[in-house]
Structures are given as structure tokens and as C-alpha cells.
Amino acid sequence: MLHAVPKPADRSTEGLTRPQPVTGLILTGGGARAAYQVGVLAAIAQLRRDAGATRGNPFPIISGTSAGAINASTLACHADDFDAAVDGLVHLWQGLHVENIYRADAFEAVKSGARWLSMLSLGWAIARWTRSHPRSLLDNQPLRELLGRYLPMDRIEPMLAGGHLRALALTGSSYTTGQHVTFFQTHHHIVPWLREQRMAVQARLTLSHLMASSAIPFIFPAESVELDGMAEWFGDGSMRQSAPISPAVHLGAERVLVIGAGRMKEPEGRRVGTTDDHPSMAQIAGHALSNIFLDALAVDVERLRRINRTLALLPRENRSATALRPIELLVIAPSRRLDDLAGEHQASLPPSVRALLRAFGASGKGKAMSGSALVSYLLFEPSFVGELINLGMSDTLAKRAEVQRFFGWPARAPQIDPASLRRGRSAGFAAGA
């Protein structure tokens with residue numbers, strides 16, 4: 001079960017205010033769609049400043065998967081300054097272009113894509129004749145170089161030691177063993193958990209863990225990561241991820257904010273298809289990726305809510321007899337279909353990438369576009385990224401009251417007397433002298 005973990009000790013003491021619950025953050029996968037998370041985080045940072053609650057890190061436990069692992073690692077590496085970390089993420093994502101993530105020049109795109117197309121069309125004959133073994137549709141070496149420059153993963157350790165961060169978890173899926181693995185780094189005593197086809201391993205997190213977690217199947221190549229002293233090939237952590245919220249709970253979170261990369265619930269009524277033709281490879285690939293990135297999260301959110309409702313019905317003595325515990329949950333997910341949004345911006349892709357995607361059947365525009373779901377994972381361009389960031393901000397601000405209740409922030413910023421603030425600072429300096 002999702003929450004069958006030991007209950008935390010009661011930290012309340014008579015006469016003292018009970019500490020705030022430990023908050024966990026879940027950042028899911030989705031390629032370029034993860035820009036939406038940045039907009040949500042920017043809005044949360046603004047609401048936090050408005051409430052005057054600018055001290056400390058609002059997310060001591062962070063769990064990231066796929067592109068969400070990159071955002072999670074950024075927050076963890078700069079856990080001593082949440083606002084600066086979010087500003088850095090906004091700046092990074094707003095400046096992204098496809099060539100920062102994968103090789104998009106005409107020669108490279110055609111070369112890698114042609115290998116796949118030839119393998120699919122002539123199959124065994126080409127493979128036998130040329131000994132061609134393409135590892136992926138696209139080469140993401142530019143992403144490795146970008147993260148190597150941008151993310152100081154060695155800062156995680158001092159963030160943990162300084163109490164700015166409690167734990168960071170990144171997930172990957174092993175092609176070697178079939179196991180779904182959560183790699184986590186913490187200074188707290190955590191017993192690694194083991195469930196059916198998923199396990200947790202304590203490790204010092206590196207760039208290789210990031211590249212493995214974000215290696216979208218078929219699109220990007222697998223990454224070699226050491227596990228129990230042996231190298232295994234890992235791909236995107238969203239694959240075979242049956243319980244995305246679980247790592248944060250195992251690491252001690254008592255309330256969890258989940259930021260999705262796709263709509264958690266489709267509107268009522270049947271969605272009209274765009275064509276009567278047989279679905280293209282791009283449509284099928286997009287459908288498969290949406291299953292990998294989106295479906296498990298929706299199921300896990302519903303499971304958590306069902307457990308919370310069940311626990312609320314139990315008498316107090318029965319609740320104390322179970323290892324399950326209620327987890328306060330806030331979910332923020334896109335209010336629009338990101339597939340349709342990607343269709344409106346696919347023209348911003350480099351011509352070589354558009355040509356490659358057309359070969360797989362991605363064509364059209366907006367809601368009439370075939371294969372727009374696949375495009376949405378690869379559209380690392382400012383026009384699309386900017387819309388996602390703005391959507392994340394507006395969706396979060398539309399939930400302003402829920403966000404404030406979740407964090408316990410006042411609806412209005414507290415009125416602070418500057419004189420008392422100066423006295424408080426003077427007392428603090430005197431105490432530290």
C-alpha cells in the first residue's frame with residue numbers, strides 16, 4: 001500500500017506550538033511539458049513572498065522524475081535560497097531552444113532519424129548489412145553539456161548538512177533488470193523500501209542519475225548508472241512508475257504538493273478525432289508516452305485520496321493501530337490540453353526536426369494536428385515554453401486560497417512594524433555575538 005510506512009513520532013510538546021508538517025514536492029516527467037512546473041513554482045514563490053513567509057525552504061523533501069528531476073535537482077542544489085532557485089529555473093527555461101536539449105541541425109537529425117526509419121522499413125536486412133544499431137531517435141548530448149554547466153550537483157551534500165534540505169529523490173527505470181529504482185540522498189535515517197518491481201537505493205546523486213531519469217524511451221539513449229557495485233542501463237523514471245507519490249512519503253513527507261504535466265481529468269463528453277485514417281506512428285508514440293508520463297500519477301492521486309477518506313472514517317484507536325497515515329495533498333495540473341497547445345506552436349521547431357516528425361506522421365496544426373502529443377514532449381522552444389510557464393502561474397493563482405491553506409499562509413501579508421523588526425534583528429545579532 002502507498003502509505004504503509006512508520007508513523008512519525010509526535011513532536012508536539014505541551015505549551016509549545018506544534019511544528020509545521022514536513023512538506024514534500026512531487027515533480028513528474030514530460031519533456032518540454034515540465035516548463036509548466038516552473039510557472040507553478042514561480043507563482044508559489046510570489047504567494048510566499050506576499051504572505052511574508054520567506055524564511056527557509058518550503059519543500060524540504062523533493063522527488064523528481066524525468067524532466068521533473070531536473071527541476072527538482074535545481075531546487076535541491078539551491079535549497080538555501082528558494083526564490084533564487086525558482087528565478088534561475090524561469091531564466092533557464094525561457095532561454096531554451098531545441099538545440100540546447102538535442103542535436104537539431106539538419107545533418108544530425110536526418111542521420112539519427114534515417115537510421116530509425118530504415119530499420120523500421122527494411123528491418124533485418126539493413127541491420128545485417130550495415131550493422132546499424134541506433135540507440136535512440138535523437139542525441140541528447142547537448143542536454144548533458146547544459147546540465148554539466150548549470151547544475152552543481154555537489155551542492156546537494158552541503159544543503160543536507162546545513163539543514164536546508166531533508167532529502168532529494170530521483171527515479172529511473174532499469175532496462176537491465178526491469179526494476180523501477182528510486183535513488184535518494186539524505187542525512188536522515190531512512191530504511192530503503194522494496195516493493196514489487198520497485199526499490200529504493202541511497203546514493204550520492206550525480207549528473208548520470210539526472211540523464212538516466214530524463215532519458216525518454218526511444219527518443220533519448222539509455223544511461224549507465226552504478227547500482228550495488230554493477231553498471232546497469234537506465235531510462236526514463238516515468239516508465240513502470242506505479243506510485244509516483246510514494247518516495248516523498250517514505251522519506252518523511254506529511255503533506256505533499258504534486259505538480260502534474262498533463263490534465264488530471266479530461267472534460268466530460270467524447271473528444272472528436274482529427275481523422276478517419278489509421279493512426280500515424282506519431283499518434284501512437286504520443287499515446288504511449290502519455291500513458292508513461294501521465295496515467296500513473298492520476299491513479300496514485302486517486303489512491304491517496306481514497307486512503308485518506310478511509311482513514312477519516314476510522315475511530316481514533318483503529319487509526320493508531322494501522323501503519324497507514326493520512327497525507328495532506330494538493331494537486332496543481334494544467335487546465336488546458338498541452339497536446340493542443342503544442343499543435344499551435346509546432347512551427348517553431350527547427351525545419352529538420354519538423355521534417356523528421358512529419359516522416360513519423362506528425363502534421364497539421366492546433367487541435368487538428370496529428371501527433372501533437374509526441375510534439376509536446378520535444379518542443380523546447382520559447383513560444384511553447386513561455387505559454388506553459390504562464391499557464392502554470394495562472395493555474396496556481398486561480399488556486400490561491402487552496403495554496404495558502406495548504407501552507408498555512410495568511411491570505412494577506414502580515415503587517416510588520418519596522419521598529420520591532422529592527423529590535424528583533426538587534427537581539428539576534430546580540431545573541432550571536
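A polar contact here is a pair of N or O atoms within 3.5 Å; within protein, one must be able to donate a hydrogen and the other to accept it, and residues adjacent in sequence count only if both atoms are side-chain atoms. I started with S246, whose side chain makes such a contact with the side chain of R198 (3.5 Å).

Ground rules before going on. I'm working on a predicted model, where local features need pLDDT of at least 70, side-chain atom pairs count only at pLDDT 80 or more, and totals for chains, interfaces and linings use all residues. Residues are numbered from 1 along each chain as its sequence is written, and side-chain values use heavy atoms, with hydrogens and water left out.

Back to S246. Buried or exposed? S246 is buried, at a relative accessible area of 1% (buried is under 20%, exposed over 50%, partly exposed in between, with a 1.4 Å probe and protein chains only). I placed S246 in helix α9, residues 246-250.

Next, the whole chain. I count 17 helices and ten strands; these are DSSP runs numbered from the N terminus, H or I of at least four residues for helices, E of at least two for strands. Of the 433 residues, 51% are buried.

Then the cores (sets of buried Ala, Val, Leu, Ile, Met, Phe, Trp, Tyr and Cys residues joined through side-chain atoms within 4.5 Å). The largest nonpolar core has 95 residues, and L75, W93 and Y102 have the most contacts inside it. Helix α1 (residues 35-50) gives the most to this core, nine residues. A second, separate core holds 22 residues, including V22, A169, I327 and L329.

I looked up what Y102 touches (contact: heavy atoms within 4.5 Å). Leaving out residues up to four places away in sequence, the list includes L138, F220, L349 and F380.

L329 came up again in the strands. It stands opposite V256 in the pairing of β9 (residues 255-259) with β10; the two run parallel, joined by five bridges (strands pair if DSSP finds at least two bridges between them). Four of the five residues of β10 (residues 328-332) are buried, so this strand is largely enclosed by the rest of the structure.
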